[in-house]
Amino acid sequence: MTDQAPILIIIIPLMFALMTPLIGWIRKNLCYPWVLLSLTLSALSSFIILRTVLLRGIISYKLGNWDPPWGIEYAIDHLNALMLVIITVISLIVAVYSKKSIQREKPDKIVHFYTIFLLQVTGFLGMVVSGDLFNIYVFLEIASLAGYALIAIGDERAPYASFRYVVIGTIGASFYLLSVGYIYSVTGSLNIADVARLLPELYNSNVILTALVFMFAGIAIKMAMFPVHAWAPNAYTHAPSAVSALVAPLMTKVAAYLMIRVSFTVFKPHYIIDVISLNSFISWIGAAGIIAGSIFAIAQNNLKKMLSYSVVAQIGYIALGIGLANSYGLTGAVLHIVNEAFTKGCVFLAAGGIVYKLGGCNIADFKNLFRKMPFTMTAFTIGAFSLIGIPPTCGFFSKLYLILGSIEADQWTFVGVLLFSSILNVVYFFRVIQTAAFEKQMSDYSREDPYEKVPMDEVPLTMLIPIQIAALGILLCGIFNSEIISSVIKYAIPPGL
Amino acid sequence: MKIVNLILVLCIGGFLIYGTLDMPRWGDPDSPASKHVSPRYIQKTVEETATPNMVTSILADYRGYDTLGETTVIFTAGMACILLLRNSIRKNRND
Amino acid sequence: MIDFIIERYNFWIYVILMMIGLYAMITKRNLVKKVIGMNIFQTSIILFFISLASKRGGTLPIMKQAHGLENFPVDPSAYINPVPHVLMLTAIVVMVATLGVALAILILIYRKYGTLEEDEILKRMQ
């Protein structure tokens, strides 16, 4: 059974997704427990995989029992296993949360919503688990198509935002496919391990340079990196709350994983750093993204839009860490992926809860929210602390590693950018928290005791518990960060950095 | 704006052409693509998969998992269209 | 020089097609034209892969010998490379699926705004 865990992690959500319409045809209410069951099983198999990888090292799973360069192979090392756990856990949390929120927002589309939800998770998992360049493209498209559809069912402006995502996302995926073709034309192979073995001899050819640049461009588009981020904020703002909480933390992180995989496994670090020195370019773009994303976020009045720009900024941190290309920087980048998945999950879930209760998420309407929804806002504050980088949360440690990496690389500008960005984060989160905690409704001033008149009005339990679990995840990742690094991330760093 | 876009597109195209300069000649039987992995598919197709059509044998056997992904893409697209359009179809019928 | 061009013009033609598609995607203001550009773009990639498959002197990747001749020696250069064809079968399906979803979204947009001109839609959003 444990030997088959790598395929089970794909097959379970896929088969459950195929059966969801049937289940929904029998009884609509069964869909929700059905999805929870599937994601629980898939989370279990991801934990089994992580355990196996920790005990026995890299897993290679041959599909159809064809040997790797001929057939398709799953190659799971520590980085993949960690990503699998993050994806399954976050999607399980979001699935638990989605019940009330989707009942409120799209009551007549529950069955198909859950079908596509599972397919989206399948796409993410398939991209992460696969060891074949073309197979990654196929699953990338599954995840993207599901994402386009889920975003398009949001509010009034969602279809147009989703259409822009379709156009830009297709350019990204096509660039990726093109560079797979370029790599295929000079190596004749699609398997990542095989390509990595063949490439070093070809490092001075134009084909490989073009392939690398276009692969990076394609992934950067999917990742919502700074100059090509234009699709992201609108798409995440107008999507249904449960969808923003699924797509915003995961799609960008899976693409970030792909970027790490491409720069350090498909191409060797030697090529990226010494031969073409693309890495410093990536970190400068990352640094620009941090500043630009944060400044755009400050200018927003809508909470979800502010958080979406914050996604762009946080992707900048990951790109900065990848570009530093030393062990501290990459540790910071991977830890930041973990941290960001939980943090963005948490804050988007909390934002969804606020939308559920207030009907909108204009920051100006948040007065007295801390009294109305104390638990949700506490979780939101923890998420905000993590984004700012305040010690017990995970964000502090990932930023610390990024700063250490910048110091090691002698890039004092990046240290400045990282510290300055924390101040910018304080600015935009402080505005929300200040409005929610300290500003009173105008009418309250006339009363003797203004506090009594604000009854607690929390979101339902099925929404509150996932929010709390995500917040707990942030704290746990922060407290146990050294364990995570020493047992998993340390092995995910390619040797020689 | 159109000029900027045109220049951008020309740059991208120029870069892609720059990449093709080093490529193996078109139709070269000795190119890596024809030498490294594919000969096995051609030589062993009948022996290993009992299918004379190599495209079929790769599609359904050697790289069958890709085909699973492909059918999933179709399923996703179908479900996506239902998700997006179904409600409004019903509403139109009621009108 | 002429040889150099003849050896590569196939790849260049796909680049030109790709530029046409990309230009339409990012410049045209009509959403359907964007979708058509997207299709041209993806088609050009298919042409590129198919050009990789060709071998001078090779024929279709279907065995000439029928069953019963399993041990008959086969010359790989007699058949063109089947792998890109397989990949492109999958890519065509992906392309069609993307087109379908894009058109479904366009239907939604049209129902909401009554137009598919980007400028009009942006004006109505205000």
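**Close-up views of two interfaces**

**View 1. Domain 1 of chain A meets domain 2 of chain A, with 43 residues of domain 1 in contact with 48 residues of domain 2.** Contact here means heavy atoms within 4.5 Å. This is a predicted model, in which local features need pLDDT of at least 70 and side-chain atom pairs count only at pLDDT 80 or more, while totals for chains, interfaces and linings use all residues. Domain 1 spans 1–265 and domain 2 spans 277–497, bounds that come from an automatic or database domain assignment. Their C-alpha centres lie 23 Å apart.

**View 2. About 4000 Å² is buried between the two domains of chain A.** Buried area is the accessible area (1.4 Å probe) that two parts lose on being put together, summed over both. Carbon and sulfur atoms give 83% of this area.

**View 3. Lys253(A) and Glu340(A) form a salt bridge, with their closest N and O atoms 3.3 Å apart.** The term stands for a side-chain nitrogen of Lys or Arg within 4 Å of a carboxyl oxygen of Asp or Glu. Across this domain interface the rule finds 1 salt bridge.

**View 4. Chain B touches chain A through 37 residues of chain B and 54 residues of chain A.** The area buried between the chains is about 4000 Å², and carbon and sulfur atoms give 71% of it. On the chain B side, Arg63(B), Tyr65(B) and Leu83(B) lose the most area to chain A, together 19% of what that side buries.

**View 5. Arg63(B) meets Asp132(A) in a salt bridge between side chains (2.8 Å, N to O).** The rule finds 1 salt bridge across the interface of the two chains.

**View 6. Helices of chain B supply residues to the side that touches chain A, and H5(B) gives the largest share, 16 residues.** Helices are DSSP runs (H or I, at least four residues), numbered from the N terminus. Those supplying at least two residues each are H1 (2–20), H2 (32–35), H3 (38–49), H4 (54–62) and H5 (64–94) of chain B. The residues on this side divide into 21 nonpolar, 8 polar and 8 charged; Ala, Val, Leu, Ile, Met, Phe, Trp, Tyr, Cys and Pro count as nonpolar, Asp, Glu, Lys and Arg as charged, and the others, Gly among them, as polar.

Note on methods:
Residues numbered from 1 in each chain as written. Chains lettered and ligands numbered in written order. Heavy atoms only, no water.
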